[in-house]
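Visitor: Hi, could you walk me through this one? I'd like to ask things as they come up.

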Amino acid sequence: MVMATTTSTAAHTSLASVTLEVADPEAARRFYSAFGVDAYIRLRASEEHSTGFRGFTLALTVSGPATVDGFVGAAVDAGATVLKPAAKSLWGYSGVVQAPDGTIWKIASSAKKDTGPATREIDEVVLLLGVEDVKATRQFYAGRGLTVAKSVGGKYAEFAPGQSSPVKLALYKRRALAKDLGVPADGTGSHRILLGSTADAFTDPDGFAWEAAAPLAPTLS
């Protein structure tokens, strides 16, 4: 696919859906249903080659440490591998798991202490893309019509969520993201993720592919 350019004629775009490419869609459906995030993603069968870090993570923000523990426990019970045990940090409380299909999920809360019982509620889901040049990629996406909601120099950028997707898009330095997740930054082959676009199909500077897509349905397609 030829990479699209950020011209003044580019259609305005927002994130409509997130599709994970998996070897076994039925097994992945069972996992994501048990994990409790099936309303946020789509699945597609794929045998695309991929090794090492695939360059992204999906991050859940929840109310407190007990809820973080609950989601981590549900993921592990369904077959996930713990990459970082849930623990307190400077910014709150979080843990990192890897799904059987290879997708890395971070579950986090800004709270270090619980103020109520654990729930199964998710406050926010963010797709973090690990990119080589945050400023350049931010400019690329802004040129396609995405609205920058937050920007921290060349380290991080966040876009306003689209009306048709419950997932927010953000950019982070690839090596910094890998370090935060507890994995080596190296990886080859497909990212094994497709981003649904409310406009046309294109590929960003780091090889993440967008496809024209209908708004995300409430359940896995």
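Visitor: Is R192 buried or exposed?
Guide: R192 is buried, with a relative accessible area of 12%. Buried means under 20% relative accessible area, exposed over 50%, and partly exposed in between, with a 1.4 Å probe and protein chains only. Keep in mind that this is a predicted model, where local features need pLDDT of at least 70, side-chain atom pairs count only at pLDDT 80 or more, and totals for chains, interfaces and linings use all residues. Residues are numbered from 1 along each chain as its sequence is written, and side-chain values use heavy atoms, with hydrogens and water left out.

Visitor: Where does R192 sit, then?
Guide: R192 is in the loop between strand 12 (187-189) and strand 13. Helices (H or I, at least four residues) and strands (E, at least two) are DSSP runs, numbered from the N terminus.

Visitor: And what is the phi of R192?
Guide: The phi is near 60 degrees, a positive value in a residue other than glycine. Most residues other than glycine have a negative phi.

Visitor: How does strand 1 pair with strand 13?
Guide: Strand 1 (residues 15-22) and strand 13 (residues 193-197) run antiparallel, joined by 5 bridges. S17 has G196 as its bridge partner in strand 13, and V18 has L195. With strand 2, strand 1 pairs in the parallel sense over 4 bridges, and there E21 has R44 as its partner.

Visitor: How many residues of strand 1 are buried?
Guide: 8 of its 8 residues are buried, so to speak a mostly covered strand.

Visitor: What about the 8-stranded sheet, what's the order there?
Guide: That open sheet runs 5-6-7-4-8-11-10-9, again with mixed pairing. Strand 5 and strand 9 are the edge strands, each pairing on one side only. Strand 9 pairs with strand 10 in the antiparallel sense over 4 bridges, where V148 is partnered by F159.

Visitor: Which strands does helix 4 lie across?
Guide: Strand 4, strand 5, strand 6, strand 7, strand 8 and strand 11 (167-173), and helix 4 runs at about 105 degrees to strand 11.

Visitor: Switching topic: which residues touch the most other members of the largest nonpolar core?
Guide: Of its 45 residues, L20, Y32, F35, W105, L127 and L129 do. A nonpolar core is a set of buried Ala, Val, Leu, Ile, Met, Phe, Trp, Tyr and Cys residues joined through side-chain atoms within 4.5 Å. Another core, of 12 residues, lies apart from it, with V126, A178, V183 and A185 among them.

Key
Pairing = 2+ DSSP bridges. Contact = heavy atoms within 4.5 Å. Axes fitted to C-alpha atoms, helices over the stretch in contact; angles between N-to-C directions.
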